[in-house]
Amino acid sequence: MMNYLDKFSLKGKSVYVLGGLGLIGMAVSKALAMSGANVVVLDLDSRRSTYLLAWAKRIKVHVVFEVFDTGELDGAEKALRRLVRRHGKMHAWVNVSYPHSRDWPLKLENMTVDYLRENIEKHLN
């Protein structure tokens with residue numbers, strides 16, 4: 001009988017996960033690692049990486065962490081080339097990042113149109 005999960009195996013593939021330590025990103029990073037991928041987690045919060053890296057070591061899957069700031073687009077291309085040299089060919093790119101302004105989140109009653117526009121533009125651009 002065919003095991004359909006074998007069709008979804010990522011064994012030997014490198015998957016880069018932008019925002020891989022957030023609420024959704026952590027689950028995505030874990031699922032990819034459990035599917036056999038070599039996961040390169042790109043995020044800002046190195047403190048949260050400690051948990052994910054310990055989990056990966058405990059269950060013997062391959063996960064590495066690199067600090068990466070989506071707000072710094074000017075140097076993003078150069079940084080990505082450096083990451084590929086360090087961690088290997090990128091077979092897949094998953095974006096679960098949530099870029100936002102430095103003062104995010106404000107209470108709803110304190111939000112202005114300009115504040116909302118800035119955050120929406122960060123998501124669309």
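Which exposed residues does the face of H2 turned away from its buried side carry? In this predicted model, they are Arg47, Thr50, Lys57 and Arg58. The close-up views below start with the sheet and work their way back to this helix.

**View 1. The open sheet has 4 strands in the order S3-S2-S1-S4.** The strands of this sheet pair in the parallel sense. At its edges stand S3 (63-67) and S4 (92-95), each with a single partner strand, so one side of each has no neighbour in the sheet. On average, neighbouring strands are turned by 20° against each other, direction ignored.

**View 2. Strand S1 pairs with strand S2 in the parallel sense.** Here you can follow 5 bridges between S1 (residues 14-18) and S2 (residues 38-43). Two pairs make handy landmarks: Val17 stands opposite Val41 in S2, and Leu18 has Leu42 of S2 as its bridge partner. To get from S1 to S2, the chain passes through helix H1 (residues 23-34), in a right-handed β-α-β crossover.

**View 3. Strand S2 also pairs with S3 in the parallel sense.** This pairing runs over 5 bridges, and for Val40 the bridge partner in S3 is Val64. Strand S2 is largely enclosed by the rest of the structure, because 5 of its 6 residues are buried.

**View 4. Helix H2 lies across S2 and S3.** The helix covers residues 46-59 and runs at about 170° to S3. Together, S2, H2 and S3 form a β-α-β unit that is right-handed. For a quick check of helix geometry, take 1.5 Å a residue: the 14 residues of H2 should span 20 Å, and this agrees with the end C-alpha atoms, which are 20 Å apart.

**View 5. Helix H2 has a buried side and a face turned away from it.** Which residues of H2 are buried? They are Ser49, Leu52, Trp55 and Ala56. These residues cover an arc of only 125° around the axis, so they sit on the same side of H2. The buried residues of H2 pack against H1, S2 and S3. On the face turned away from them are the exposed residues from the opening question, Arg47, Thr50, Lys57 and Arg58.

Technical notes:
Residues are numbered from 1 along each chain as its sequence is written. This is a predicted model: local features need pLDDT of at least 70, side-chain atom pairs count only at pLDDT 80 or more; totals for chains, interfaces and linings use all residues. Side-chain values use heavy atoms; hydrogens and water are left out. Two strands pair if DSSP finds at least two bridges between them. Axes are lines fitted to C-alpha atoms, for helices over the stretch in contact, and angles run from 0 to 180 degrees between N-to-C directions. Contact means heavy atoms within 4.5 Å. Buried means under 20% relative accessible area, exposed over 50%, partly exposed in between (1.4 Å probe, protein chains only). A crossover is right-handed if, with the strands pointing away from the viewer, the path from the first strand over the helix to the second runs clockwise. The expected span of a helix is 1.5 Å times one less than its number of residues. The arc is that of the directions from the helix axis to the C-beta atoms.
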